[in-house]
Amino acid sequence: MLFDESTLRKLNQLTLIASRIRSGAMKGERRSSRRGSSVEFADYRNYAPGDDLRRLDWNIYARLERPFIKLLEEEEDLAVHVLIDGSQSMDWGEGAQNKFQYALKLAAGLGAVTLASGDALTIGLLQQGKVASEFGPSRGGASLARLFRFLENLEPGGETNLNRAMRDYSIIPRRAGLVILLSDLFANDGYETGLRQLMGRGHEAALVHVLAPDELDPPLAGDIQLVDIETNQTQDVSLDGGLRERYRTRARAWIQSTQAECRKRNIRYLEAVTSQTWDHILLLEMRRAGFVK
Amino acid sequence: MDIYFVPCWRIKQSFFFPLSSYPVSRNPYLVPMQLLTPLALTLAALAVPIILLYMLKLRRKQETVSSTFLWRQLLREQQANAPWQKLKRNLLLLLQLLILAALVFALARPALQVPVVASGSVIVLLDASASMNAVDVNPTRFDSARDSVLDLINGLSPASSLTLILVAEKPQTLIAAETDKSLLRQALDNAQASQGSADWESAFALAAGAGSNSTFVIVSDGGLPESGLPALPGEVRFIPVGASQNNLAISALALRPAQKSPQLFAEVTNYDSADRNVLLSIYFNDQLIDARQLSVQANSSRSLTLDALSNESGIYKATITTPNSNNSLNSLNPPNSQSSINSLDSLPLDNTAFAVFQSSSSRRVLLVSNGNLFLEQLLASLPGIQPFRALPAADGTIQMPNDPFDLYIFDGVAPPELPKANLLFVNPSSNPLFEVGGTYNEFQNMQVDQHALTNFVDWSNVHILQAKTVQTPAWAETLIESDSGPLVFAGETKGQRIAALAFDLKESDLPLQIAYPILFSNLINYLAPPSAFDATRSLEPGESLSILPPSNAERIVVASPSDQAYTLALDQTVFTQTDELGYYAVNFISGDSNHVEYFAVNLFDEAESNISPRETIQIGRSTVTPTASQQIGQRELWSWLAALALLVLMIEWQVFHRRQIPSLPIFRNNLDAEKR
């Protein structure tokens with residue numbers, strides 16, 4: 001079981017928010033920017049031939065003798081796309097600190113919140129430069145069990161190519177919405193192109209940077225050969241106190257530059273170190289970052 | 001294997017004077033270096049396993065990480081920043097190879113060839129006489145000589161051996177034919193200069209016995225006798241020590257009993273080549289009694305006689321100081337501050353002298369006799385004698401008085417048990433000390449043997465009627481004898497002085513001769529000396545002193561000038577530890593009473609006081625001049641290399657330690673705590 005009952009209850013209370021409201025295929029619980037058929041008044045506009053006469057405001061016509069169409073707010077649902085980086089580098093960390101398991105739990109949590117608030121959820125696993133498996137789009141709490149089954153069957157593996165995988169995801173026409181990428185960003189080609197492409201399709205983007213604690217402060221010393229678990233590339237280092245310190249500084253600088261880059265592109269960024277409990281990230285940090293209401 | 005090193009400060013010059021333009025042997029810029037055990041260089045092959053081990057170690061422990069993404073970025077920056085990073089990675093290997101190189105080179109025993117005075121089998125005669133205490137060379141001549149010998153030891157080639165003979169009053173071999181330099185240095189460190197004169201003849205005999213075909217190195221300021229030294233079996237080299245001849249000495253200080261009061265004679269000699277003024281101060285028991293300024297011309301002496309001195313026993317001390325120092329006539333304090341003495345001349349040892357005056361006390365002499373007018377009158381007339389007489393009882397038994405006497409004279413009688421004191425037998429009867437036989441009256445060829453006790457004794461007119469047959473015991477010496485046997489003998493056994501006349505005075509015309517008072521005065525002074533030893537003349541350092549303790553003494557303790565106490569056994573009557581200059585107190589302890597007598601040891605030795613360094617010395621028929629360093633010695637450098645290896649080892653450890661620290665569990669815990 002990925003979730004216990006109490007966590008699920010907490011998840012239900014959350015609703016995801018998106019700063020820009022998208023049009024939805026079904027009436028949802030969110031305000032849409034599209035003017036629609038609800039009861040809440042939004043605006044007036046000039047009548048144009050072919051408009052539904054039912055929406056003409058006769059009172060205004062009587063007063064001004066000019067036809068105006070009364071625009072009403074339309075409420076819509078949100079399309080939430082959770083993209084999980086499924087590369088081998090995500091399979092790092094012991095037990096609860098394993099980054100992939102952690103990302104799956106975060107995805108499940110986000111999915112549960114999304115489904116509970118009636119929004120449309122799509123989950124994609126990015127592997128080997130493509131979308132290796134996909135869940136959804138689906139909505140409604142009934143899909144929750146299916147979601148969990150889907151997540152439990154996912155396995156990490158292969159090399160990262162976030163850019164290609166995200167392009168692969170964006171080629172298929174999907175409802176524009178909120179794209180949340182869960183990744184460690186250990187990708188030589190970077191991730192920016194892919195995200196930009198997604199945003200070009202009208203998506204809003206958010207990034208959860210999943211990192212294990214020993215990636216920030218490696219417990220290594222002496223003359224060692226580092227083997228990359230993903231690419232099997234080797235790197236000789238002679239680790240002394242100075243180099244370790246420089247590594248820590250470098251890692252911190254990398255996170256900060258990523259954060260700055262995201263802020264510049266209007267991408268929400270959240271750093272999730274797996275030494276923190278995942279529900280703490282979901283319930284507290286995500287709320288603080290504005291992911292959920 | 002010869003390696004030529006060019007000292008770095010020479011390199012610049014060699015641009016202008018190419019090294020090849022010098023013949024190698026005369027090239028002043030080349031210091032040839034030798035490897036004594038070049039075979040050890042093969043140990044350099046140990047570098048191969050070190051490098052192999054390092055390469056094995058360089059197949060690094062593999063550590064899997066989630067991604068080398070950040071590492072590669074970091075190292076790319078690093079290598080761009082510091083090109084020596086690669087070198088730093090191999091720092092440990094380089095340091096280890098450096099340690100190995102230093103150790104291998106040390107084992108190969110590199111040695112610089114340095115010029116030395118001698119090599120091969122070397123016998124060093126190190127002068128330790130009083131003049132070597134002179135301070136004209138800083139700190140002293142002896143220390144300077146020791147440095148010269150140390151240089152010689154350091155420069156010894158490994159095959160060379162060295163024998164070190166310290167030449168003092170009694171020359172001694174400090175270390176013989178030793179090749180171990182540390183032992184040699186230790187022996188040299190223990191050598192001390194004495195305060196006496198040096199016995200060069202014995203030293204030469206010792207040296208000649210120590211080895212032939214050796215190189216003899218004499219380190220001295222040249223106080224060797226001008227002639228009479230035997231030739232040494234080998235080459236002789238001479239290392240002179242000393243720079244100055246600036247010395248004044250008290251060359252004589254003596255007391256003489258005059259008619260009423262003793263008379264003091266003091267002599268100051270100037271060995272310097274310039275005229276000098278000195279202040280001569282005379283102290284009696286540390287009280288200044290006279291001080292006068294003397295002007296002493298170069299290489300001459302001035303003397304001083306003081307009359308009307310006190311009749312008390314006591315110690316006279318004479319010192320010479322510079323006249324304008326604080327020690328004026330009015331000064332009550334004796335000038336014993338070392339600085340004022342030092343400033344006078346280069347050798348302070350001979351600036352002070354002591355003389356002892358021992359007022360004679362009367363000696364108790366017991367005459368056991370049936371009546372002998374000649375002896376009674378003689379004893380009554382001798383000065384310093386308090387005579388007593390004991391008569392044997394009518395039945396011939398002798399009642400000996402309980403009080404001890406200095407001398408017992410038995411005239412024709414002898415008690416069955418002899419007192420433990422000095423004895424004189426006249427016309428002896430049978431006694432435990434020597435055999436007495438019958439009488440005889442044939443006296444052919446009476447003659448007087450040469451002896452201190454028979455000085456001025458004219459026996460030519462003496463006639464004897466009859467005498468007793470006696471045998472001279474082994475411990476005694478015959479003084480006067482005829483063909484028929486000894487007539488007078490004297491000697492010492494078990495701390496007792498014994499003398500005997502084999503004839504009755506009444507049966508000879510000896511008491512009528514001039515020889516009678518002379519012989520008896522000599523004998524009684526010998527048997528009952530005015531004091532336990534002759535203190536009127538001062539001793540030379542190292543000279544032995546014979547002591548005749550008073551009969552009641554139970555213990556003899558001699559205190560040296562440096563307050564060292566020597567306890568003498570009662571039958572040991574020769575005191576030999578007279579190495580120090582100054583006055584010695586001889587304590588005769590009996591029960592609670594203590595009787596003290598003094599004697600003085602002075603350096604009245606011209607050879608030692610004349611400290612002017614000699615240019616040459618005369619040995620056998622050849623003259624030896626100071627030797628320049630001609631032979632090639634070797635100065636080994638391995639200790640420096642070993643020290644270097646140790647230093648590098650410490651650096652290597654430090655480097656290794658710094659690298660390893662983060663992997664220690666304790667630090668890892670700290671890091672975890674930080675993260676939390």
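Which residue in β11(B) is the bridge partner of Leu253(B)? I looked this up first, and the partner is Ala266(B).

**Entry 1: ground rules**

I am working from a predicted model, where local features need pLDDT of at least 70, side-chain atom pairs count only at pLDDT 80 or more, and totals for chains, interfaces and linings use all residues. Residues are numbered from 1 along each chain as its sequence is written, while chains are lettered from A and ligands numbered from 1 in the order in which they are written.

**Entry 2: the hairpin in chain B**

Strand β10 (residues 248-257) and strand β11 (residues 262-270) of chain B run antiparallel, joined by 9 bridges. I take strands as DSSP runs of E with at least two residues, and helices as runs of H or I with at least four, both numbered from the N terminus. Two strands pair if DSSP finds at least two bridges between them. β10(B) and β11(B) form a hairpin, and 4 residues lie between them.

**Entry 3: chain A overall**

I counted elements next. Chain A holds 9 helices and 10 strands. It has 293 residues, and 40% of them count as buried. Buried means 20 or more other C-beta atoms within 10 Å of the residue's own; exposed means 12 or fewer, partly exposed is in between, and C-beta atoms are placed from the backbone. I then checked contacts, meaning residue pairs whose C-beta atoms, placed from the backbone, lie within 7 Å. Among chain A contacts with a separation of 6 or more, 76% come from residues 24 or more positions apart.

**Entry 4: the sheet of chain A**

I traced an open sheet of 6 strands in chain A, in the order β5-β4-β3-β6-β7-β10, with mixed pairing. Its edge strands are β5 (130-138) and β10 (268-273), each pairing on one side only. From one strand to the next, the twist averages 15°. Inside this sheet I looked at strand β3 (residues 79-85) and strand β6 (residues 178-183) of chain A, which run parallel and share 5 bridges. Ile84(A) has Leu182(A) as its bridge partner in β6(A).

Two helices on the sheet got my attention. α3(A) lies across β3, β4 (120-127), β6, β7 (204-211) and β10 of chain A, and runs at about 175° to β3(A). α8(A) lies across β7 and β10 of chain A, at about 155° to β10(A). Axes here are lines fitted to C-alpha atoms, for helices over the stretch in contact, with angles from 0 to 180 degrees between N-to-C directions.

**Entry 5: α3 against α4 in chain A**

I compared helix α3 (residues 99-116) with helix α4 (residues 144-152), both of chain A: their axes come within 10 Å and cross at roughly 165°. That is why α3(A) is roughly antiparallel to α4(A). The cut-offs are under 35 degrees for roughly parallel, over 145 for roughly antiparallel, 65 to 115 for roughly perpendicular, and oblique for the rest.

Which residues of α4(A) make the contact? They are Leu144(A), Leu147(A), Phe148(A) and Leu151(A). From α3(A), the contact residues include Leu104(A), Gly111(A) and Leu115(A). I sorted the contact residues into 9 nonpolar, 1 polar and no charged. Ala, Val, Leu, Ile, Met, Phe, Trp, Tyr, Cys and Pro count as nonpolar, Asp, Glu, Lys and Arg as charged, and the others, Gly among them, as polar.

**Entry 6: chain A meets chain B**

I found 33 residues of chain A in contact with 27 residues of chain B. On the chain A side, α7 (213-216), β8 (222-228), β9 (234-239) and α8 (241-264) each give two or more residues. That side divides into 16 nonpolar, 7 polar and 10 charged residues. I also saw strands pair between the chains: β8(A) runs parallel to strand β3 (residues 61-65) of chain B over 5 bridges. Asp228(A) has Val65(B) as its bridge partner there.

**Entry 7: His463(B)**

Is His463(B) buried or exposed? His463(B) counts as exposed, because it has 12 C-beta neighbours inside 10 Å. I placed His463(B) in the loop between β22 (447-448) and β23 (467-470) of chain B. Leaving aside neighbours within four places in sequence, His463(B) is in contact with Ser508(B) and Asp509(B).
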